Amino acid sequence: MSTISILGLGAMGTALAQTLLRKGHTVTIWNRTRSRAEPLAAAGAKVAESPAEAIAASELTILCVVDYAAARAVLARAEDALAGRDLVNLTNGTPGDASEFGAWVAAKGATYLDGGIMAIPPMIGEAGALILYSGSPALFERHRQALDALAESRHLGDDPGLAALYDLSLLSGMYGLFSGFLHASALVTSVGGKVGDFLPLLLPWIEAMSGTLPDLADKIDSGAHHRNVVSNIGMQKIALENIVRASEEQGVASDFIEPMLRLAGRRVAAGRAVDDISAVIEVIRKQK
Ligand code: NDP
């Protein structure tokens with residue numbers, strides 16, 4: 001069993017601390033607002049008076065606050081305590097945030113691992129929770145048992161920004177799904193339909209379309225967007241135009257679907273109407 005300090009006791013930090021306590025680890029906690037530490041103290045956690053005291057108390061420190069401004073504010077009060085310590089940062093941010101913060105932490109003499117939590121607080125410590133990590137592989141291996149107590153742990157590579165990149169990429173896939181669901185629901189309810197009645201049609205359709213992703217992934221990885229195309233982008237652009245026109249007819253905002261139409265339209269305008277929808281990625285990449 002390990003000694004672990006948790007800095008930040010919001011909804012997520014509290015779930016991390018509760019889980020580690022429940023699984024038999026020795027847990028030290030610190031939070032800016034001290035009252036949030038009280039239920040955990042009653043459950044057996046030691047309360048540190050400062051971030052520096054918490055870092056000094058344990059083999060591993062996990063930082064989980066609302067954003068990077070807060071993360072920097074917390075560690076600014078503990079700079080001198082960092083040398084020789086192991087720090088895992090589970091605060092959500094961009095790859096650039098993680099790389100910059102990781103370099104700052106390393107310059108203070110600590111070993112750094114960044115993480116992206118693919119779970120909500122009640123899932124921590126339960127089956128189905130996943131935490132993506134990147135940064136020091138040595139730290140990851142040293143504390144593997146404690147990290148595995150929180151969720152399935154996946155180390156993506158040495159670059160501290162990778163976990164944030166993959167975390168946000170998974171969220172991007174999720175928001176694509178949510179935006180399609182909301183737009184479809186607006187269309188159906190524009191004629192008095194119930195979303196609950198529409199779901200038995202939508203869910204199997206999404207499942208069937210998810211089955212085309214391996215083929216699209218193969219086309220993206222190989223660049224062969226024109227190979228074995230059954231639904232070319234020229235035809236799909238017309239379907240996208242029809243969705244926009246139907247939205248206008250029904251008095252539904254077409255904001256979610258218009259960007260996809262514009263991107264597909266650019267590929268068609270470039271003379272590539274024969275390609276699969278996977279070719280939209282070439283237009284997205286050119287936005288850089
Ligand atoms: P909460 O809003 O519940 O808690 C925020 C925490 O940040 C509190 O401990 C708060 O301290 C602290 N904080 C805010 N500003 C400062 C500051 N300037 N200095 C010191 N501490 C500060 O957020 P969560 O716990 O839900 O989220 C924490 C991280 O986990 C975020 O990066 C979030 O994206 C990530 N996450 C959360 C998920 C969720 O579903 N909740 C899911 C996946 C990731 P105080 O109590 O003093 O205000």
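The model is predicted, and the protein averages a pLDDT of 97, with 99% of the residues scoring at least 70. For the model as a whole, the scores are ipTM 0.99 and pTM 0.93.

Strand E6 (111–118) is mostly covered, since 8 of its 8 residues are buried. In a regular strand the side chains alternate between the two faces of the sheet. In E6 both faces are covered, with Thr111, Leu113, Gly115 and Ile117 buried on one side, and Tyr112, Asp114, Gly116 and Met118 buried on the other. Strand E5, which spans residues 86–89, runs parallel to E6 and is joined to E6 by 4 bridges. Within this pairing, leucine 87 has tyrosine 112 of E6 as its bridge partner.

Helix H8 is formed by residues 162–189, and its 28 residues reach 40 Å from the first C-alpha to the last, a span close to the 40 Å expected at 1.5 Å a residue. The residues of H8 that count as buried are Leu162, Ala163, Ala164, Asp167 and Ala184.

When its neighbours within four places in sequence are left aside, proline 160 is in contact with Ala98, Ser99, Gly102, Tyr112, Asp114, Ser134 and Gly135. By contrast, the C-alpha atom of proline 160 is separated by 23 Å from that of alanine 17, a residue 143 places away along the chain.

The ligand is surrounded by 21 residues, of which the closest are Gly10, Arg32, Thr33, Ala70 and Asn92. Two helices, H1 (11–22) and H4 (68–76), each supply at least two residues of this shell. Sorted by class, the shell around the ligand consists of 12 nonpolar, 7 polar and 2 charged residues.

Methods
Residues numbered from 1 in each chain as written. Predicted model: local features only at pLDDT ≥ 70, side-chain atom pairs only at ≥ 80, totals over all residues. pLDDT = per-residue confidence, 0-100. Expected span 1.5 Å × (residues − 1). Buried ≥ 20, exposed ≤ 12 C-beta atoms within 10 Å, placed from the backbone. Contact = placed C-beta atoms within 7 Å. Near = placed C-beta within 6 Å. Nonpolar A, V, L, I, M, F, W, Y, C, P; charged D, E, K, R; others polar. Pairing = 2+ DSSP bridges.
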